[in-house]
Amino acid sequence: AHEASGLLLMPFATVNTGAPVRLFYQLHPAADERGRCFLCMGFSMEGHNWGPTLKFLNSQGYTCVTFDNRGCGRSEQPRQRYTTRMLARDAMELMCREIAWTPSETHLLGISMGGMYGLEMMAGLAEGVFEDLVPAGSTFLSAALLVTQSVGWRRPWSGMPPFAYVRVAASSNAPGVSAKAKMYRSMEQAFSREWLRASSGEKHPKTGEMLTNGQAMVRR
């Protein structure tokens with residue numbers, strides 16, 4: 001309803017009748033649609049961080065929706081306690097009421113915290129929490145929840161990050177560490193040093209020198 005000539009006219013929607021919030025979202029139509037994907041980003045990350053994934057999904061014929069979670073990016077930032085249940089309601093109302101998609105025609109993707117409230121979305125469908133939005137018993141076509149968990153911090157020592165992560169996070173925030181060094185240290189949490197130092201096959205646009213995988217990622 002908000003698309004004309006491939007452009008999104010009104011990329012904001014007020015959702016969540018219980019705790020209203022204005023969310024920024026974007027519809028990314030595929031040239032020849034074969035499916036639909038609803039993408040839920042993690043803590044303090046904006047929807048545009050799905051960039052590489054979005055580009056691939058579009059190329060495969062999947063129309064996608066990305067959005068900024070409440071509290072970050074261009075969405076409103078109400079001063080209150082946020083819960084995964086609240087974020088799940090935000091997402092479901094955005095998808096079902098604003099965009100008029102149904103779970104039964106949609107693939108769900110969530111990363112980190114997005115995966116946590118993605119679990120709440122699926123549990124809510126199974127438990128009838130969203131019967132005001134979709135018929136009881138509705139399910140997503142599929143769900144891919146990445147780098148996530150269901151526990152969080154509520155149980156002592158359950159869901160705690162590994163010590164290596166804590167060590168890298170602490171060293172990255174030490175005084176005097178450059179922005180580039182912080183980026184490299186953050187990447188070491190997800191990629192091996194061998195891979196980061198290996199050739200990416202890409203060249204620096206000015207010097208023509210070959211870039212390592214780590215250098216190529218930093219440039220993006």
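# A first look at this predicted protein

Of the 220 residues in the protein, 35% are buried; here buried means under 20% relative accessible area, exposed means over 50%, and partly exposed is in between, with a 1.4 Å probe and protein chains only. The model is predicted, so local features need pLDDT of at least 70 and side-chain atom pairs count only at pLDDT 80 or more, while totals for chains, interfaces and linings use all residues. Residues are numbered from 1 along each chain as its sequence is written, and side-chain values use heavy atoms, with hydrogens and water left out.

## The overall build

The secondary structure comes to seven helices and ten strands. These are DSSP runs numbered from the N terminus, with helices (H or I) having at least four residues and strands (E) at least two.

| Pair | Residues apart along the chain | C-alpha separation |
|---|---|---|
| Leu 27 and Ile 99 | 72 residues | 8.6 Å |
| Ala 13 and Arg 97 | 84 residues | 9.6 Å |
| Arg 70 and Glu 46 | 24 residues | 9.8 Å |

Leu 27 belongs to strand S4, residues 21–28, and is partly exposed at a relative accessible area of 22%. Ala 13 sits in strand S3, residues 12–15, and is buried, with a relative accessible area of 3%. Beyond the residues up to four places away in sequence, Ala 13 touches Val 21, Arg 22, Leu 23, Tyr 25, Leu 94 and Glu 98.

How do helices H2 and H3 pack against each other? Helix H2 (residues 84–98) and helix H3 (residues 113–127) meet at an angle of about 75°, and their axes are 8 Å apart. The axes are lines fitted to C-alpha atoms, for helices over the stretch in contact, and the angles run from 0 to 180 degrees between N-to-C directions. H2 is therefore roughly perpendicular to H3, a label for angles of 65 to 115 degrees; under 35 degrees counts as roughly parallel, over 145 as roughly antiparallel, and the rest as oblique.

From H2, the contact is made by Thr 84, Arg 85, Leu 87, Ala 88, Ala 91 and Met 92; from H3, by Met 113, Met 116, Tyr 117, Glu 120, Met 121 and Leu 125. These residues divide into nine nonpolar, one polar and two charged. In this grouping, Ala, Val, Leu, Ile, Met, Phe, Trp, Tyr, Cys and Pro are nonpolar, Asp, Glu, Lys and Arg are charged, and the others, Gly among them, are polar.

Asn 69 is in the loop between strand S6 (62–67) and H2, and is buried at a relative accessible area of 3%. The side chain of Asn 69 makes a polar contact of 2.6 Å with the side chain of Tyr 117. A polar contact is a pair of N or O atoms within 3.5 Å; within protein, one must be able to donate a hydrogen and the other to accept it, and residues adjacent in sequence count only if both atoms are side-chain atoms. Leaving out residues up to four places away in sequence, Asn 69 touches Leu 23, Met 41, Gly 42, Met 45, Ser 75, Met 113 and Tyr 117.

Arg 70 is also placed in the loop between S6 and H2. Is Arg 70 buried or exposed? At 4% relative accessibility, Arg 70 counts as buried. The side chain of Arg 70 reaches the backbone oxygen of Ala 19 at 2.6 Å, and a polar contact of 3.4 Å joins the side chains of Arg 70 and Gln 80.

## Around His 107 and the cysteines

His 107 lies in strand S7, residues 107–111. The side chains of His 107 and Ser 142 are joined by a polar contact of 2.6 Å. Apart from its neighbours within four places in sequence, His 107 is in contact with Arg 36, Cys 37, Phe 38, Tyr 62, Leu 141 and Ser 142.

How many disulfides does the structure hold? A search of the whole structure finds zero, a disulfide being a pair of cysteine sulfur atoms within 2.5 Å. For Cys 37, the nearest cysteine sulfur is that of Cys 64, 4.6 Å away. Cys 37 is buried, with a relative accessible area of 3%.

Note on methods:
Contact = heavy atoms within 4.5 Å.
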